[in-house]
Amino acid sequence: MQIIHAYWEKRNIGVDCQELNVEAGDSVAQIADALGGLSAEYQVARVPSGMTDALFYLQDNGFKTVELNIQFEKKMDKKPELPEQYRRFEKHIAYHPADKDEIESALKAIETGGVFVTDKVACDPFFSPKHAGRRYALWAKDLIDKGSRFYICTYKGEKVGFNMNTDKGDYFDAFLGGLLPDAKRSGLGFLPLYANLSTIYEQGGRWMKTGVSSNNLPIIKLHEAFGCTISGMSYVLIKHL
């Protein structure tokens, strides 16, 4: 079990935050002891799927389930291919490493709150999609400053989306991807994932890993369409004091 003081969330979303990460084998008694040490105004708990005793205990003690985090992975042993239903777009799509101005523009678009609307912050009535947007934009900037790679996706030469990945050594984390607000209804939702897989392959990555919210069914289906497999799941719960 881990208790993390997520101090960065004060900057990101304006609240003090503690995270409780339950691990396989942790007992309800251990969880009860851990809860006694939590005092932050915003608390997040993560519980491996199947540990329903822990899930129910947390729910009985003021936590509410907000999503299931689904972990996907894919072995990058060959160049990614577009699923058949998207091949009609193939000659019109492209991606390239973002320059400084493109990164700044994309992060501003993310910060508006119109890109990520299904995660635990966006779906929490205490917050809003705009809080989620600010959180992702600042988080992405932190990772870019540490060496993560950010790309721009285009369709017929127009910028429509972005993707971002991080080399973790034995795998790449496909951390972020999405369409820009003006492209939301373009039918190009597959493109950021395709670009993420492709750029990971081009960097020599052997495995891709990422996490997806159960609140976002379309992106879950997209990962399955691209041959990604589920490697794990965890309940995500929140509590406000």
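Student: Which residues does V47 touch, not counting residues up to four places away in sequence?

Tutor: With those neighbours set aside, V47 touches V22, A54, L55, L58, S234, Y235 and L237. Such a contact means heavy atoms within 4.5 Å. Please note that this is a predicted model, in which local features need pLDDT of at least 70 and side-chain atom pairs count only at pLDDT 80 or more, while totals for chains, interfaces and linings use all residues. Residues are numbered from 1 along each chain as its sequence is written, and side-chain values use heavy atoms, with hydrogens and water left out.

Student: What makes a group of residues a nonpolar core, and which members of the largest one touch the most other members?

Tutor: A nonpolar core is a set of buried Ala, Val, Leu, Ile, Met, Phe, Trp, Tyr and Cys residues joined through side-chain atoms within 4.5 Å. Here buried means under 20% relative accessible area, exposed means over 50%, and partly exposed lies in between (1.4 Å probe, protein chains only). The largest core has 43 residues, and L20, V47, L58, F190, F226 and L237 touch the most other members. The element that gives the most to this core is α6, with six residues. A second, separate core has 20 residues, including F116, F162, L176 and L180. In soluble globular proteins, nonpolar side chains tend to be buried together.

Student: How many helices and strands does the chain have, and how do you know that it is as compact as a globular protein of that length?

Tutor: There are seven helices and ten strands; these are DSSP runs, with helices (H or I) of at least four residues and strands (E) of at least two, numbered from the N terminus. The radius of gyration, taken over C-alpha atoms, is set against the globule rule, 2.2 Å times the number of residues to the power 0.38. For 241 residues that rule gives 18 Å, and the chain has 19 Å, which is close to it, so the chain is as compact as a globular protein of that length. Along the principal axes, its C-alpha atoms fill a box of roughly 55 × 35 × 30 Å. Of the 241 residues, 47% are buried.

Student: Why is the pair of F89 and F190 called tilted?

Tutor: Rings of Phe, Tyr and Trp (its six-membered ring) pair if their centres lie within 6.5 Å; planes under 30 degrees apart count as stacked, over 60 as edge-to-face and the rest as tilted. By this rule the count comes to twelve aromatic pairs. In the pair of F89 and F190, the centres are 5.4 Å apart and the planes stand at 40°, so the pair is tilted. The pair links distant parts of the chain, 101 residues apart: F89 is in the loop between β4 and β5, and F190 is in the loop between β8 and α6. Both residues are buried.

Student: What makes the pair of F150 and F162 stacked?

Tutor: The ring centres are 5.7 Å apart and the planes meet at 10°, so the pair counts as stacked. F150 belongs to strand β6 and F162 to strand β7, twelve residues apart. F150 has a relative accessible area of 4% and is therefore buried; F162, at 0%, is buried as well. F150 and F162 also belong to one aromatic cluster with F116, Y136, W139 and F175.

Student: How do you know that K209 lies over the face of Y171?

Tutor: A charge sits over a ring if NZ of Lys or CZ of Arg is within 6 Å of the ring centre and within 35 degrees of the ring normal. K209 lies over the face of Y171, at 4.8 Å from the ring centre. R135 lies over the face of Y136, at 6.0 Å.

Student: Why are T166, R149 and K156 placed in their classes of accessibility?

Tutor: T166 has 14% relative accessibility, so this residue counts as buried. R149, with 46%, is therefore partly exposed, and K156, with 54%, is therefore exposed. T166 is in strand β7, R149 is in strand β6, and K156 is found in the loop between β6 and β7. The C-alpha atoms of T166 and R149 are separated by 6.5 Å, although the residues are 17 apart along the chain. Phi of K156 is near 50°, a positive value in a residue other than glycine.
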